[in-house]
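Hi there,

Here is the structure I promised to pass on to you. Have a look at it first, and then read on for what turned up in it.

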Amino acid sequence: MSETIRVALVDDDPFVRSSLATILAAAGDLEICGEGADGDEAIALYRRVRPDILLLDIQMPGRDGISAASEILHSDPTARIVFLTTFSDDAYITEALRLGSKGYLIKQEVANLAPALRSVMAGQVVLGGEVLGRVSSLAQSAPEEAGASAEERARADGLTEREFEIVERIAQGHDNKEIAAELFMSEGTVRNHVSVILAKLNLKNRTQLARYYYQAP
C-alpha cells in the first residue's frame with residue numbers, strides 16, 4: 001500500500017475546505033492533517049504539523065497566500081506548496097513560480113487534484129491546464145530585454161551558448177522532445193544538458209530555470 005500523503009489545507013471558505021477534504025479522503029492515499037483560513041494560519045499550521053504538501057488558496061481575507069508562501073519558503077526552501085485558486089491571473093502565476101512553489105492549480109479542475117499531488121510528491125511541478133496556457137502566453141509575450149539580460153547572466157554563470165539556448169526554450173514552455181527537434185539533438189542529449197545546467201546554476205528543476213531566465217538582473 002502506498003504511503004499516506006499528509007496534506008494541510010488553507011482556504012477561507014469552509015465549504016471549499018470540507019469539499020476538498022472529502023475528495024482527498026476518497027483518494028485513499030491522501031489525508032488532511034490540518035486546516036486554516038488565511039495566510040497567518042497557513043504559516044502557523046505549516047510550522048506545527050510539517051505537512052508533506054501545503055495546499056494554499058491565494059486570495060483570502062487578511063494575509064494572502066502568496067505572502068504566506070514567501071515566508072514559509074524563506075524559512076524552509078524544501079516546503080512543497082501548491083496553490084489551488086480560482087484565479088489564473090498572470091501576476092499570481094509569475095509570482096508563484098518565482099517563489100518556488102510546486103504547483104498552481106485551478107479549483108475548477110479539482111478532479112485532477114489527487115494525481116497532481118502524487119506528482120508533487122514524486123518531485124514534479126504541476127500546473128493546471130488553464131495555467132499552462134497562461135505560462136505559454138507569458139513566455140511568448142515576454143520582452144526581448146528579458147532574454148538579453150538572461151543571456152548576459154548565463155555567460156557570467158558559465159553557461160555555454162548551447163546551454164543558454166536550452167534554458168531559453170525551457171522558459172518558453174518547451175519539453176525535451178520539442179527542444180531536441182529544434183536544436184537537432186537527441187532527447188537524451190537534452191536531458192544531459194539540463195542536468196549540467198541545473199548543476200552549474202545550483203538549481204533543482206525546470207521551473208527554477210524559467211524563473212532564472214525571466215528574473216530581473
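Is arginine 50 buried or exposed, or partly exposed? At 45% relative accessibility, it falls between the cut-offs of 20% and 50%, so arginine 50 counts as partly exposed. Do keep in mind that this is a predicted model. You will find arginine 50 in the loop between α2 and β3. Its phi is near 45°, a positive value in a residue that is not glycine. Most residues other than glycine have a negative phi.

Phenylalanine 184 also has a positive phi, of about 55°, and is not a glycine either. Look for phenylalanine 184 in the loop that runs between α9 (176-183) and α10 (187-201). With 77% relative accessibility, phenylalanine 184 counts as exposed, because the cut-off for that is over 50%.

Now for the inside. In soluble globular proteins, nonpolar side chains tend to be buried together. The largest nonpolar core here has 25 residues, and those touching the most other members are Val10, Leu54, Leu56, Ile72, Ile81, Phe83 and Tyr104. At least two residues of this core come from each of β1 (5-10), α2 (39-49), β3 (53-56), α3 (65-75), β4 (81-85), α4 (90-99) and β5 (103-106). Apart from this core there is another, made up of 21 residues, including Ala150, Leu183, Val194 and Ala210.

Which residues does leucine 56 touch, leaving out those up to four places away in sequence? They are Val10, Ala42, Gly65, Ala69, Ile81, Val82, Phe83 and Leu84.

Happy exploring!

Terms used:
Residues are numbered from 1 along each chain as its sequence is written. This is a predicted model: local features need pLDDT of at least 70, side-chain atom pairs count only at pLDDT 80 or more; totals for chains, interfaces and linings use all residues. Side-chain values use heavy atoms; hydrogens and water are left out. A nonpolar core is a set of buried Ala, Val, Leu, Ile, Met, Phe, Trp, Tyr and Cys residues joined through side-chain atoms within 4.5 Å. Buried means under 20% relative accessible area, exposed over 50%, partly exposed in between (1.4 Å probe, protein chains only). Helices (H or I, at least four residues) and strands (E, at least two) are DSSP runs, numbered from the N terminus. Contact means heavy atoms within 4.5 Å.
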